[in-house]
Amino acid sequence: IDVTSPLPLSARFARLFHGRRAIVVSVSSLLAVQPFPGFGMYATSRAARDMSMGVLAKEGVRTLSYAPGPMDTAMQAEVRARLVDEDSRKIYATMHAESKLVSPADSAAKLARLLAADTFASGAHLDYYDV
């Protein structure tokens, strides 16, 4: 679902907005481009979505895969509690304890500025820490 559902939605969006200024944004992850133990399914789905955004970009649709950073969310709390790989779990626990997780509001604001500037290459994968 995480891979297949966005594809027809993005294609429909592309048809509806053909010829007009519009950008399809996919929420991605560092895990789409860098493997970490314990994240096989999640990383695979994000990598597949990044590729689909790249294909749409080659087909003339303006796209962006945005990795919002390790955000302080319920999903991140679940990762800290249940991730099988102990080293990765410790990294995230330390980030949380040291208040180094990204706030959703900060990441959203950065994305908004990125979209307003509109200087990225269509089909790009951009991470919170790289912009």
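**Exercise 1. Are Phe 39 and Tyr 92 buried or exposed, and how do their rings pair?**

*Solution.* The basis comes first. This is a predicted model, in which local features need pLDDT of at least 70 and side-chain atom pairs count only at pLDDT 80 or more, while totals for chains, interfaces and linings use all residues. Residues are numbered from 1 along each chain as its sequence is written, and side-chain values use heavy atoms, with hydrogens and water left out.

Step 1. Apply the accessibility classes: buried means under 20% relative accessible area, exposed over 50%, and partly exposed in between, with a 1.4 Å probe and protein chains only. Phe 39 and Tyr 92 are both buried.

Step 2. Apply the ring criterion: rings of Phe, Tyr and Trp (its six-membered ring) pair if their centres lie within 6.5 Å; planes under 30 degrees apart count as stacked, over 60 as edge-to-face and the rest as tilted. The structure holds 3 aromatic pairs. In the pair of Phe 39 and Tyr 92, the ring centres are 6.3 Å apart and the planes stand at 75°, so the pair is edge-to-face.

Step 3. Helices (H or I, at least four residues) and strands (E, at least two) are DSSP runs, numbered from the N terminus. Phe 39 is in the loop between β1 (24-27) and α2, whereas Tyr 92 is in helix α4; the two are 53 residues apart and the pair links distant parts of the chain. Ring pairs also bring in Tyr 42, giving a cluster of Phe 39, Tyr 42 and Tyr 92.

**Exercise 2. Describe the overall architecture of the protein chain.**

*Solution.* Step 1. The protein chain has 5 helices and 3 strands, and from the N terminus on the order is α-β-α-β-α-α-α-β.

Step 1. The C-alpha atoms fill a box of roughly 50 × 30 × 20 Å along the principal axes. Of the 131 residues, 36% count as buried.

Step 2. With contact taken as heavy atoms within 4.5 Å, consider pairs of residues at least 6 apart in sequence: 70% of their contacts join residues at least 24 apart.

**Exercise 3. Which residues form the largest nonpolar core, and which elements give two or more residues to this core?**

*Solution.* Step 1. A nonpolar core is a set of buried Ala, Val, Leu, Ile, Met, Phe, Trp, Tyr and Cys residues joined through side-chain atoms within 4.5 Å.

Step 1. The largest has 10 residues: Ile 23, Leu 64, Tyr 66, Val 102, Leu 111, Leu 114, Phe 120, Ala 124, Leu 126 and Tyr 128. Two or more residues come from each of β2 (63-67), α5 (104-117) and β3 (124-127). Apart from this core lies another, of 8 residues, including Leu 31, Phe 39, Ala 43 and Val 79.

Step 2. Examine one member. Leaving out residues up to four places away in sequence, Tyr 128 touches Tyr 66, Ala 67, Pro 68, Gly 69, Val 102, Asp 106, Ser 107 and Lys 110.

**Exercise 4. Where are Ser 99 and Asp 118, and what is the phi of each?**

*Solution.* Step 1. Ser 99 is in the loop between α4 and α5. Although not a glycine, Ser 99 has a positive phi of about 55°, and its relative accessible area of 64% makes it exposed.

Step 1. Asp 118 is in the loop between α5 and β3. Asp 118, also not a glycine, has a positive phi of about 50° and is partly exposed at 22% relative accessibility.
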